[in-house]
Amino acid sequence: MMTYDRQILQILTNVGQQGIGVRQLAKHVYNLNCTFFSQPDLQEIHGYVRKYLLRNSKSPNSLIEKTERRGYYRLNTQNNADARQMVLQFRKHPQEDEEPADVPPAQDLSLSLFD
């Protein structure tokens with residue numbers, strides 16, 4: 001169940017300030033845990049996600065908060081330092097393979113076989 005917690009937080013980080021509905025969040029968690037050999041129970045995951053969101057959104061300083069839309073939740077980045085840190089931590093890092101744009105391409109110093 002600890003993996004569900006991490007997956008829920010990862011998804012909430014990705015959706016941003018608009019939030020996500022409980023049903024959509026449960027489907028995302030379900031899809032993350034489906035494999036060729038095993039499929040978890042969608043109703044069980046939905047119940048777990050619903051309880052997790054309710055448990056972690058009770059106070060104004062909670063990690064998760066309800067949005068203006070009924071049944072939608074998001075990370076509470078306004079009142080919770082841990083939520084702000086998660087947003088920074090889970091953001092995509094630039095690929096190490098990519099070269100910065102301000103660096104000119106290296107000059108080809110290889111010898112030609114046909115000169």
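**View 1. Gln7 and its contacts.** Leaving aside neighbours within four places in sequence, Gln7 is in contact with Val29, Leu32 and Asn33. Contact means heavy atoms within 4.5 Å. Gln7 is found in helix H1. Helices (H or I, at least four residues) and strands (E, at least two) are DSSP runs, numbered from the N terminus. Is Gln7 buried or exposed? Gln7 is buried, because its relative accessible area is 17% and buried means under 20%, exposed over 50%, and partly exposed in between (1.4 Å probe, protein chains only). This is a predicted model: local features need pLDDT of at least 70, side-chain atom pairs count only at pLDDT 80 or more, and totals for chains, interfaces and linings use all residues. Residues are numbered from 1 along each chain as its sequence is written, and side-chain values use heavy atoms, with hydrogens and water left out.

**View 2. Helix H1 from end to end.** The 14 residues of H1 should span 20 Å at 1.5 Å a residue. The expected span is 1.5 Å times one less than the number of residues. The end C-alpha atoms of H1 are 20 Å apart, which agrees. Buried residues of H1 include Tyr4, Ile8, Leu12 and Val15. Gly16 follows H1. The phi of Gly16 is positive, near 80 degrees.

**View 3. Helix H2 and its buried face.** H2 covers residues 22-33. Its twelve residues should span 16 Å, and its end C-alpha atoms are 17 Å apart, which agrees. Which residues of H2 are buried? They are Val22, Leu25, Ala26, Val29, Tyr30 and Asn33. Seen down the axis of H2, these residues fall within an arc of 140 degrees, so they line one face of the helix. The arc is that of the directions from the helix axis to the C-beta atoms. On the other side of H2, Arg23, Asn31 and Leu32 are exposed. The buried residues of H2 pack against helix H1 (2-15), strand S1 (20-21), helix H3 (42-55) and strand S3 (72-75).

**View 4. The sheet.** Three strands form an open sheet in the order S1-S3-S2. The pairing is antiparallel. Two strands pair if DSSP finds at least two bridges between them. The edge strands are S1 and S2 (64-66), and each pairs on one side only. How many bridges join S2 and S3? S2 and S3 pair over three bridges. Ile64 stands opposite Leu75 in S3.

**View 5. Aromatic rings.** The structure holds three aromatic pairs. Rings of Phe, Tyr and Trp (its six-membered ring) pair if their centres lie within 6.5 Å; planes under 30 degrees apart count as stacked, over 60 as edge-to-face and the rest as tilted. The rings of Tyr48 and Tyr52 have centres 6.4 Å apart and planes at 20 degrees, so this pair is stacked. Both tyrosines lie in helix H3, four residues apart, about one turn of the helix. Both Tyr48 and Tyr52 are buried. Together with Tyr4, Tyr48 and Tyr52 form one aromatic cluster.

**View 6. Arg69 over Tyr72.** Arg69 lies over the face of Tyr72, at 4.0 Å from the ring centre. A charge sits over a ring if NZ of Lys or CZ of Arg is within 6 Å of the ring centre and within 35 degrees of the ring normal.

**View 7. Asn61 in its loop.** Asn61 is in the loop between H3 and S2. At 51% relative accessibility, Asn61 counts as exposed. Leaving aside neighbours within four places in sequence, Asn61 is in contact with Asn76, Asn79 and Asn80. The C-alpha atoms of Asn61 and Asn80 are separated by 5.6 Å, though the two are 19 residues apart along the chain.
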